[in-house]
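Look at the model below and follow the helices one at a time. The paragraphs after it take up a few places in turn.

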Amino acid sequence: MKSKIGARVGSRRPIKMWSEGGSFVKGVALGGVFYLLLSLLGSFSPNAKSGSEDLHQHHHVQAQSNDNLKQLSESQTQELKDQVRVYCVIMVQPKILVYWAAAVGTWSKHCDKAVFYTSESSKALEAVDLQERDGWARLCKALKHAYENAGDLRWFFVAQPMTFAIIENLKYLLLTKDPSEPFYMGNALKSGELEYVAYESGIVLSYEALKRFVGVLDDKNKCPIRVNRLWKLSEDKQLAMCLKYTGVFAENGEDAHGMGLFNGKSLDALIKESMKNNPKNVVEGCCSDFAVTFNGMTPNQMQVMMYGVYRLRPYGHDFHDLLMFDPPEGSDND
């Protein structure tokens with residue numbers, strides 16, 4: 001079934017000390033200094049240029065309006081549609097097999113290519129076994145694998161198994177964006193001076209951004225895969241640090257009204273918040289009509305979302321969408 005664009009939704013080991021503790025104290029001090037330097041790098045990008053030559057330092061990315069799309073010819077629209085194809089990088093683990101299975105059977109079917117990356121193999125479901133338990137190292141390996149196996153796909157969407165994504169809305173957001181530019185977007189947050197895209201809300205990378213990331217992976221001074229636990233950051237912040245070294249900056253995905261498209265909470269949680277904060281305008285106060293992701297979704301909630309997004313239609317209503325994104329050829333698609 002073809003999917004309309006703009007789908008509505010509503011015991012630690014004892015530490016040995018030598019020279020009456022002197023070596024230990026020195027180690028801790030050096031670790032603290034390194035961590036401080038790592039934090040300061042959040043506001044430093046050695047490859048960034050100044051003035052008008054700043055490397056793509058946007059902060060907000062919005063989808064095209066229908067009025068702008070109307071200015072395009074049919075052939076131009078078709079060309080843009082054909083170019084916006086998405087490789088979904090879905091990070092899973094056998095211990096949460098039920099969420100993994102839910103992602104396989106629901107939204108991932110709408111990706112042009114969906115590849116599941118796991119910490120260890122599972123007989124139940126197909127995935128690329130990275131044989132890696134460390135979350136950051138696993139993410140690095142997955143992104144490198146995706147880059148090397150992308151074929152002609154030029155957009156990459158990174159998700160966790162409890163995330164539900166509406167791929168058609170993602171394609172709408174990316175429709176007129178050039179993947180040869182370094183896009184890195186999603187739910188952009190700030191920690192100190194570091195802007196990063198929240199992992200749980202989904203991360204979007206253009207081919208150029210991923211190319212730059214893979215290019216610095218082997219540089220232990222810029223983007224080490226193995227990081228000492230004393231100063232280890234979360235995966236999404238590590239990714240942002242690495243990308244900043246290459247001049248790629250976090251951007252927030254929004255609709256035409258400035259509402260965020262990448263949500264770090266479930267639809268249920270967002271509705272409850274809106275009922276409390278916007279009792280007279282619950283639906284509009286909750287989420288964007290063109291939301292791309294919701295996080296913290298249970299398997300049951302994912303199935304409900306599939307029905308609501310791709311099957312349920314109010315008879316007599318027409319959303320007047322100007323184009324449709326066809327499901328991947330041969331896919332078992334809703």
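H5 passes H7 in a left-handed crossing; a crossing is left-handed if the near helix is turned anticlockwise from the far one by less than a right angle, and right-handed if clockwise. Helix H5 covers residues 135-148 and helix H7 covers residues 207-216, and the two pack at an angle of about 125° with their axes 10 Å apart. That angle makes H5 oblique to H7, since angles under 35 degrees count as roughly parallel, over 145 as roughly antiparallel, 65 to 115 as roughly perpendicular and the rest as oblique. The axes are lines fitted to C-alpha atoms, for helices over the stretch in contact, and the angles run from 0 to 180 degrees between N-to-C directions. On the H5 side, Trp-136, Cys-140, Leu-143, Lys-144 and Tyr-147 meet Tyr-207, Leu-210, Lys-211, Phe-213 and Val-214 of H7, where contact means heavy atoms within 4.5 Å. The residues of this contact divide into 8 nonpolar, no polar and 2 charged. Here Ala, Val, Leu, Ile, Met, Phe, Trp, Tyr, Cys and Pro count as nonpolar, Asp, Glu, Lys and Arg as charged, and the others, Gly among them, as polar.

This is a predicted model, in which local features need pLDDT of at least 70 and side-chain atom pairs count only at pLDDT 80 or more, while totals for chains, interfaces and linings use all residues. Residues are numbered from 1 along each chain as its sequence is written, and side-chain values use heavy atoms, with hydrogens and water left out.

H5 also packs against helix H8, residues 235-245: their axes come within 9 Å and cross at roughly 55°. H5 is therefore oblique to H8, and this crossing is right-handed. Gly-135, Trp-136, Leu-139 and Leu-143 in H5 meet Glu-235, Gln-238, Leu-239 and Cys-242 in H8. This contact is made up of 5 nonpolar, 2 polar and 1 charged residues.

Next comes the loop between strand S5 (128-129) and H5, which holds Gln-131. Most residues other than glycine have a negative phi. Gln-131 has a positive phi of about 50° although it is not a glycine. Is Gln-131 buried or exposed? Gln-131 counts as exposed because its relative accessibility is 67%; buried means under 20% relative accessible area, exposed over 50%, and partly exposed in between (1.4 Å probe, protein chains only).

Helix H6, residues 167-174, is largely enclosed by the rest of the structure, because 8 of its 8 residues are buried. Among them are Ile-167, Glu-168, Lys-171 and Leu-174.

Gln-62 lies in strand S2, residues 60-62. It is partly exposed, with a relative accessible area of 36%. Not counting residues up to four places away in sequence, Gln-62 touches Leu-173, Lys-177, Glu-254, Asp-255, Ala-256 and Gly-258. Gln-62 and Lys-177 are 115 residues apart in sequence, yet 9.9 Å apart in space, C-alpha to C-alpha.

Lys-272 is found in helix H9, residues 267-277, and is exposed at a relative accessible area of 54%.

As a whole, the chain has 11 helices and 14 strands; helices (H or I, at least four residues) and strands (E, at least two) are DSSP runs, numbered from the N terminus. Of its 334 residues, 45% count as buried.
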